[in-house]
Amino acid sequence: MLALFRHVSEARAARAVDGGLVTAALRRLKRAIDMFDCLHLSLFDHDTDYLLDEVAYYHRELDKDLPNIEHIGVMPGPEVSIIKASICCDKLDAVMDMAYALQRERGDAFTLAPSGSMWIDVVPRGVSKATGLAQVMQAQDVKLQEVMAFGDAMNDYEVHAS
(Lines give C-alpha, C1' and ligand atoms only; values in the text may rest on other atoms or scores of the structure.)
Protein backbone atom coordinates (compact mmCIF):
# COMPACT_ATOMS: atom_id res chain seq x y z
CA MET A 1 0.00 0.00 0.00
CA LEU A 2 2.84 2.38 0.83
CA ALA A 3 4.40 1.77 -2.60
CA LEU A 4 1.09 2.62 -4.29
CA PHE A 5 0.77 5.82 -2.24
CA ARG A 6 4.36 6.79 -3.12
CA HIS A 7 3.65 6.16 -6.84
CA VAL A 8 0.48 8.30 -6.72
CA SER A 9 2.33 11.07 -4.86
CA GLU A 10 5.19 10.99 -7.37
CA ALA A 11 2.69 11.18 -10.25
CA ARG A 12 0.96 14.18 -8.65
CA ALA A 13 4.31 15.88 -8.10
CA ALA A 14 5.29 15.25 -11.74
CA ARG A 15 1.97 16.75 -12.93
CA ALA A 16 2.53 19.78 -10.70
CA VAL A 17 6.01 20.29 -12.17
CA ASP A 18 4.69 19.79 -15.72
CA GLY A 19 1.77 22.12 -14.97
CA GLY A 20 4.20 24.71 -13.62
CA LEU A 21 6.34 24.49 -16.76
CA VAL A 22 3.25 24.78 -18.98
CA THR A 23 2.00 27.71 -16.96
CA ALA A 24 5.39 29.48 -17.19
CA ALA A 25 5.55 28.98 -20.97
CA LEU A 26 1.96 30.23 -21.38
CA ARG A 27 2.73 33.29 -19.23
CA ARG A 28 5.63 34.16 -21.57
CA LEU A 29 3.29 33.67 -24.54
CA LYS A 30 0.69 35.90 -22.87
CA ARG A 31 3.28 38.68 -22.46
CA ALA A 32 3.99 38.51 -26.21
CA ILE A 33 0.25 38.53 -27.01
CA ASP A 34 -0.26 41.55 -24.77
CA MET A 35 2.00 43.61 -27.06
CA PHE A 36 -0.87 43.60 -29.61
CA ASP A 37 -4.35 44.99 -28.83
CA CYS A 38 -5.97 42.78 -31.47
CA LEU A 39 -4.91 39.43 -29.94
CA HIS A 40 -6.90 37.51 -27.33
CA LEU A 41 -5.77 34.25 -25.70
CA SER A 42 -8.11 31.33 -25.13
CA LEU A 43 -7.09 28.25 -23.14
CA PHE A 44 -8.93 24.94 -23.10
CA ASP A 45 -9.02 22.03 -20.69
CA HIS A 46 -11.23 18.97 -21.16
CA ASP A 47 -14.40 20.83 -20.18
CA THR A 48 -13.93 24.59 -20.26
CA ASP A 49 -12.93 27.37 -22.66
CA TYR A 50 -11.04 29.91 -20.55
CA LEU A 51 -11.14 33.39 -22.06
CA LEU A 52 -8.62 35.88 -20.76
CA ASP A 53 -10.35 38.89 -22.37
CA GLU A 54 -13.97 39.95 -22.64
CA VAL A 55 -16.15 37.47 -24.54
CA ALA A 56 -17.01 40.06 -27.22
CA TYR A 57 -13.43 39.93 -28.54
CA TYR A 58 -13.68 36.25 -29.49
CA HIS A 59 -15.09 35.12 -32.84
CA ARG A 60 -16.75 31.71 -32.95
CA GLU A 61 -15.82 29.40 -35.83
CA LEU A 62 -16.47 25.74 -36.62
CA ASP A 63 -13.67 24.28 -34.49
CA LYS A 64 -13.66 27.20 -32.04
CA ASP A 65 -17.33 27.39 -31.11
CA LEU A 66 -16.52 28.06 -27.42
CA PRO A 67 -19.41 26.08 -25.90
CA ASN A 68 -18.31 26.19 -22.23
CA ILE A 69 -16.97 29.69 -21.70
CA GLU A 70 -15.48 30.93 -18.47
CA HIS A 71 -14.12 34.48 -18.53
CA ILE A 72 -11.21 34.39 -16.09
CA GLY A 73 -9.24 37.51 -16.95
CA VAL A 74 -5.97 36.07 -15.59
CA MET A 75 -3.87 33.02 -16.39
CA PRO A 76 -5.04 29.87 -14.60
CA GLY A 77 -2.66 28.17 -12.19
CA PRO A 78 -0.91 24.83 -12.70
CA GLU A 79 -3.88 23.00 -11.16
CA VAL A 80 -5.78 23.56 -14.43
CA SER A 81 -4.76 21.00 -17.04
CA ILE A 82 -4.51 23.06 -20.25
CA ILE A 83 -4.70 20.86 -23.35
CA LYS A 84 -5.01 23.53 -26.03
CA ALA A 85 -4.29 27.21 -26.57
CA SER A 86 -5.57 29.43 -29.35
CA ILE A 87 -5.40 33.13 -30.08
CA CYS A 88 -8.24 35.10 -31.61
CA CYS A 89 -7.21 38.04 -33.79
CA ASP A 90 -10.00 40.60 -33.98
CA LYS A 91 -8.49 42.19 -37.13
CA LEU A 92 -9.38 39.89 -40.00
CA ASP A 93 -6.66 41.20 -42.31
CA ALA A 94 -3.93 40.84 -39.66
CA VAL A 95 -4.05 37.13 -38.76
CA MET A 96 -1.06 36.11 -40.93
CA ASP A 97 1.03 39.07 -39.77
CA MET A 98 0.20 38.41 -36.12
CA ALA A 99 1.05 34.70 -36.44
CA TYR A 100 4.39 35.70 -37.97
CA ALA A 101 5.10 38.25 -35.23
CA LEU A 102 4.27 35.79 -32.47
CA GLN A 103 6.35 33.07 -34.13
CA ARG A 104 9.30 35.49 -34.04
CA GLU A 105 8.66 36.27 -30.36
CA ARG A 106 7.84 32.79 -29.00
CA GLY A 107 8.90 30.36 -31.73
CA ASP A 108 11.48 28.89 -29.36
CA ALA A 109 8.67 27.24 -27.38
CA PHE A 110 5.66 27.17 -29.72
CA THR A 111 4.56 26.84 -33.30
CA LEU A 112 1.88 29.38 -34.16
CA ALA A 113 -0.23 28.70 -37.24
CA PRO A 114 -3.28 30.53 -38.61
CA SER A 115 -6.42 28.44 -38.32
CA GLY A 116 -9.71 29.59 -39.75
CA SER A 117 -10.33 33.23 -40.54
CA MET A 118 -9.52 34.81 -37.17
CA TRP A 119 -7.61 32.27 -35.10
CA ILE A 120 -4.01 31.25 -34.52
CA ASP A 121 -3.38 27.78 -33.11
CA VAL A 122 -0.63 27.41 -30.52
CA VAL A 123 1.15 24.07 -30.17
CA PRO A 124 4.36 23.08 -28.40
CA ARG A 125 7.42 23.18 -30.66
CA GLY A 126 7.78 19.83 -32.44
CA VAL A 127 4.12 18.88 -32.07
CA SER A 128 1.70 19.08 -35.00
CA LYS A 129 -1.17 17.28 -36.64
CA ALA A 130 1.49 15.40 -38.60
CA THR A 131 3.23 14.09 -35.48
CA GLY A 132 -0.14 13.07 -34.01
CA LEU A 133 -1.12 11.31 -37.22
CA ALA A 134 2.24 9.50 -37.27
CA GLN A 135 1.62 8.20 -33.73
CA VAL A 136 -1.84 6.93 -34.65
CA MET A 137 -0.49 5.31 -37.83
CA GLN A 138 2.23 3.55 -35.86
CA ALA A 139 -0.15 2.38 -33.13
CA GLN A 140 -2.64 1.05 -35.72
CA ASP A 141 0.03 -0.31 -38.11
CA VAL A 142 -1.21 1.89 -40.97
CA LYS A 143 1.07 2.72 -43.91
CA LEU A 144 1.40 6.22 -45.35
CA GLN A 145 -0.02 5.00 -48.67
CA GLU A 146 -3.25 4.11 -46.83
CA VAL A 147 -3.80 7.62 -45.44
CA MET A 148 -5.68 10.54 -46.94
CA ALA A 149 -5.59 13.99 -45.33
CA PHE A 150 -7.67 17.11 -45.81
CA GLY A 151 -7.08 20.61 -44.52
CA ASP A 152 -8.09 24.18 -45.05
CA ALA A 153 -5.58 26.27 -43.12
CA MET A 154 -1.89 26.67 -42.30
CA ASN A 155 -2.26 24.49 -39.21
CA ASP A 156 -2.77 21.59 -41.66
CA TYR A 157 0.41 22.29 -43.65
CA GLU A 158 2.69 19.73 -41.97
CA VAL A 159 0.18 16.92 -42.55
CA HIS A 160 0.17 17.66 -46.28
CA ALA A 161 3.93 18.17 -46.42
CA SER A 162 4.59 14.76 -44.90
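User: What makes a residue a contact of Leu 43, and which residues are in contact with Leu 43?

Analyst: Contact means heavy atoms within 4.5 Å. Leaving aside neighbours within four places in sequence, Leu 43 is in contact with residues including Leu 26, Tyr 50, Met 75, Ile 82 and Ala 85. This is a predicted model, in which local features need pLDDT of at least 70 and side-chain atom pairs count only at pLDDT 80 or more, while totals for chains, interfaces and linings use all residues. Residues are numbered from 1 along each chain as its sequence is written, and side-chain values use heavy atoms, leaving out hydrogens and water.

User: Why are β1 and β4 said to pair?

Analyst: Strands are DSSP runs of E with at least two residues, numbered from the N terminus. Two strands pair if DSSP finds at least two bridges between them. Within β4, Leu 43 has Ala 85 as its bridge partner.

User: What makes β1 mostly covered?

Analyst: Buried means under 20% relative accessible area, exposed over 50% and partly exposed in between, with a 1.4 Å probe and protein chains only. Six of the six residues of β1 are buried. Leu 39, Leu 41 and Leu 43 point one way, and His 40, Ser 42 and Phe 44 the other way.

Notes:
Helix = DSSP H or I, 4+ residues; strand = E, 2+ residues; numbered from the N terminus.
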